[in-house]
Amino acid sequence: MKYGRHIILLILIAGPASARLGAQSQSLQVEREGATLRVSTPHFTLLEGKPLEQLHNGASVTYVFELTLTPQEENAPVVRVKERFIFSFDLWEEKFSVVQQDSAGRSASQMTAAAAVAWCLDNMQVATRSVTPDKPFVIKLECWIAADGSESGSQNNSSLTLAGLVDVFSRKGRNPPPRWLAVAGPVRLTDLKTKGKPKT
Amino acid sequence: MRLGMKNIILLTTLLVPLWPVRSLADDQKPDANVNSKYEVESVEITGVAQSKVSQALRDDIQKLVGEKYSSEAADVLARRMRKELPNYSITVKAEKGDKPERLKVVFEAERNWWKRFDIKVPPVVYHSKEGLSGTLELPIDIGPNVFTFGFVNTADPLLERNAGFRFRYEHKKVGTDRLQLRLDFDTTHQMWNPATEAALAQVPDVPGVYRSRQTFAPSMSVIPFRDLKLTVGTSFDRFETQYPTTHTETAYAGTAGIQYRHNWESADGVRQRIRATYDLRTATRTLDSDFVYTRHFWSADYTLGRGRNQVGAHFQAGLETGRAPLFDRYSLGNSYTLRGWNKFDVAPLGGDRMAHGSLDYRFRPFEVFYDVGAVWDTGQKTRARHSLGFGLSFHNGGFVSLAFPVRLDHVAPVFMLGFRY
């Protein structure tokens with residue numbers, strides 16, 4: 001076939017790229033609850049891979065959640081909410097626990113992985129007062145793991161060795177920490193479903 | 001400049017917000033882990049011989065037992081373990097204990113495969129009077145066996161410049177962690193400073209220069225407890241003496257050594273470290289040696305530190321009886337003794353007696369030091385020499401310093417730069 005080689009090459013290039021995009025960006029469900037917006041994403045699998053392994057080893061993992069609202073015709077977000085949540089896994093109960101790292105220090109425990117993520121999103125309230133009701137906007141949720149400075153390896157290698165140099169030079173090339181992204185919109189405030197009375 | 005009360009208040013108002021404040025949220029972090037309600041039942045170190053981890057660290061790890069689990073405390077200990085075992089990846093794992101609602105904490109060490117064949121660069125020193133000295137070593141670990149191949153070209157510790165190859169075999173666990181076997185084989189060619197060759201003509205009692213030397217030294221070490229190491233062995237040296245005619249001579253010696261070291265840190269953050277060694281080497285006709293002599297060497301180091309400040313006192317002494325070849329004579333005036341002096345000005349043929357002391361003070365990497373020492377032959381008058389210097393000394397062993405001999409004439413500073421662990 002004339003284009004066979006090109007098609008295979010295209011599949012080889014496009015396949016992993018599309019898989020990567022699919023893994024990173026997911027759809028976000030947005031509901032209106034009085035003067036605030038609530039978001040949810042049923043397939044937001046934060047608790048997997050290395051972070052999950054760390055949690056199963058009894059460590060805490062801090063996730064940073066950031067929600068932004070950007071009017072469709074603008075580049076800069078008009079609303080930005082950023083929260084830090086400390087996850088841990090109860091080794092005896094085999095359930096997740098989350099503590100919101102703010103002055104209120106809200107927490108919840110005895111949750112499944114999905115419930116733990118949903119609890120975090122529940123605690124991210126976005127005020128709608130900065131959004132014009134009939135103008136479309138994009139709402140974006142980003143999540144990443146906060147650096148805790150306790151990376152394994154030999155950062156403090158005290159001897160001059162080839163491996164020490166390999167460590168130093170390979171650090172830059174390591175995979176960046178995972179980020180998760182979910183996007184909704186453009187939507188109008190007036191088009192959103194209302195969830196009922198706001199919680200107090 | 002006069003500062004009025006109003007200005008002070010203004011300055012305080014401006015500076016106080018810049019002061020780093022730990023937020024309440026940060027302070028809450030230690031309790032954020034749900035497992036902090038469980039008590040630690042036991043701790044374990046896996047993947048590495050216990051003897052490779054310092055007693056102080058093992059003690060601190062043991063202190064977790066009976067306490068509520070803290071992932072932060074475990075992480076701090078893991079970081080210390082990474083420092084002590086740079087060739088390993090360290091993972092902390094908390095697991096369900098044997099009793100309900102208790103945890104077992106495991107510090108898992110895993111040797112990094114690429115470090116199994118790592119090239120090590122032991123002390124590398126540039127000394128403005130001696131030039132560059134260094135060794136390059138490739139150790140290969142196979143279980144408790146370590147095979148090391150190396151290239152050496154150094155002029156720092158001895159009167160001669162050695163250039164050649166090194167092979168070493170170590171068995172770190174002969175049945176038990178407390179028994180170790182080691183075989184050293186070095187083959188080197190020597191170069192001599194003209195000052196040494198000129199001095200030899202004046203002092204015929206001192207054995208002459210040689211142009212090549214082979215050393216084979218098997219030894220066995222016993223570690224009765226963590227801080228003490230006792231070593232016995234033999235050292236077979238053959239060297240090709242150049243004058244009056246080229247011929248081979250031998251120095252076959254029995255060797256023994258004691259090493260003691262201890263580190264501790266008090267609750268108020270005062271760190272102390274003691275190192276003490278004694279080495280004995282006795283070449284005898286019983287071993288069919290051409291040279292007959294006994295060499296004693298003592299050294300002691302003490303450092304005291306708190307926060308970023310550290311003071312150190314170091315002492316070494318040597319004594320020889322009999323007639324030792326040049327490589328076993330003492331010399332002072334290199335990158336770690338009588339810094340600032342040229343060893344060929346101090347004693348171009350070395351001596352059979354030596355005493356040296358050193359004091360240093362460090363604040364962060366900044367260092368000032370004072371050295372005093374003398375090297376002489378039996379029956380000669382001793383002359384103590386002094387030197388002063390300053391420089392930078394880093395935790396990774398890197399250093400750069402400038403040292404000055406304390407004397408009235410021709411004060412030429414010595415510049416030193418390198419890595420030493």
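Residues are numbered from 1 along each chain as its sequence is written, while chains are lettered from A and ligands numbered from 1 in the order in which they are written. Because the model is predicted, local features need a pLDDT of at least 70 and side-chain atom pairs count only at pLDDT 80 or more, whereas totals for chains, interfaces and linings use all residues.

The predictor assigns the complex an ipTM of 0.71 and a pTM of 0.59.

Helices (H or I, at least four residues) and strands (E, at least two) are taken as DSSP runs and numbered from the N terminus. Chain A has four helices and 11 strands, and chain B has six helices and 19 strands. A residue is called buried if 20 or more other C-beta atoms lie within 10 Å of its own, exposed if 12 or fewer, and partly exposed in between, with C-beta atoms placed from the backbone. Buried residues make up 24% of the 200 residues in chain A and 25% of the 421 residues in chain B. Of the contacts in chain A between residues at least 6 apart in sequence, 65% join residues at least 24 apart. In chain B, residues 24 or more positions apart account for 53% of the contacts with a separation of 6 or more.

A nonpolar core is defined as a set of buried Ala, Val, Leu, Ile, Met, Phe, Trp, Tyr and Cys residues joined through C-beta atoms within 7 Å. The largest such core has 53 residues, and those with the most contacts inside it are A:Val39, A:Phe87 and A:Val98. Beyond its neighbours within four places in sequence, A:Val98 is in contact with A:Phe85, A:Ile86, A:Phe87, A:Ser107, A:Ala108, A:Ala116, A:Trp119 and A:Cys120. A second, separate core of 10 residues includes B:Val206, B:Leu338, B:Val346 and B:Leu349.

Helix 3 of chain A (residues 113-122) has A:Ala116, A:Val117, A:Cys120 and A:Leu121 buried. Viewed down the helix axis, the buried residues fall within an arc of 140 degrees, so they line one face of helix 3 of chain A; the arc is that of the directions from the helix axis to the C-beta atoms. The elements covering these buried residues include strand 3, strand 4 (61-71), strand 5 (79-90), strand 6 (95-100) and strand 7 (107-111) of chain A.

Strands are taken to pair if DSSP finds at least two bridges between them. In chain A, four strands form an open sheet of mixed pairing in the order 8-3-2-11. Its edge strands, each pairing on one side only, are strand 8 (126-127) and strand 11 (193-194) of chain A. Strand 3 (residues 36-40) of chain A runs antiparallel to strand 8 of chain A and is joined to it by two bridges. Here A:Thr36 stands opposite A:Ala127 in strand 8.

In chain B, eight bridges join strand 16 (residues 366-376) to strand 17 (residues 385-393), and the two run antiparallel. The bridge partner of B:Gly373 in strand 17 is B:Arg385. Strand 17 of chain B is also joined by eight bridges to strand 18 (residues 398-406) of chain B, again antiparallel, and B:Gly389 has B:Ala403 in strand 18 as its bridge partner. Strands 17 and 18 of chain B form a hairpin with four residues between them, and B:Gly397 in the turn has a positive phi of about 95 degrees.

The peptide bond from B:Tyr243 to B:Pro244 is cis, with omega near 0 degrees; B:Pro244 lies in the loop between strand 10 (228-241) and strand 11 (247-265) of chain B. B:Glu101 is not a glycine, yet has a positive phi of about 60 degrees. B:Glu101 lies between strand 2 (88-96) and strand 3 (102-111) of chain B, in a loop, and is partly exposed, with 13 other C-beta atoms within 10 Å. B:Leu338, also not a glycine, has a positive phi of about 35 degrees. The loop that holds B:Leu338 lies between strand 14 (309-322) and helix 6 (343-346) of chain B. With 27 C-beta neighbours inside 10 Å, B:Leu338 counts as buried.

Notes. Two residues are in contact if their C-beta atoms, placed from the backbone, lie within 7 Å.
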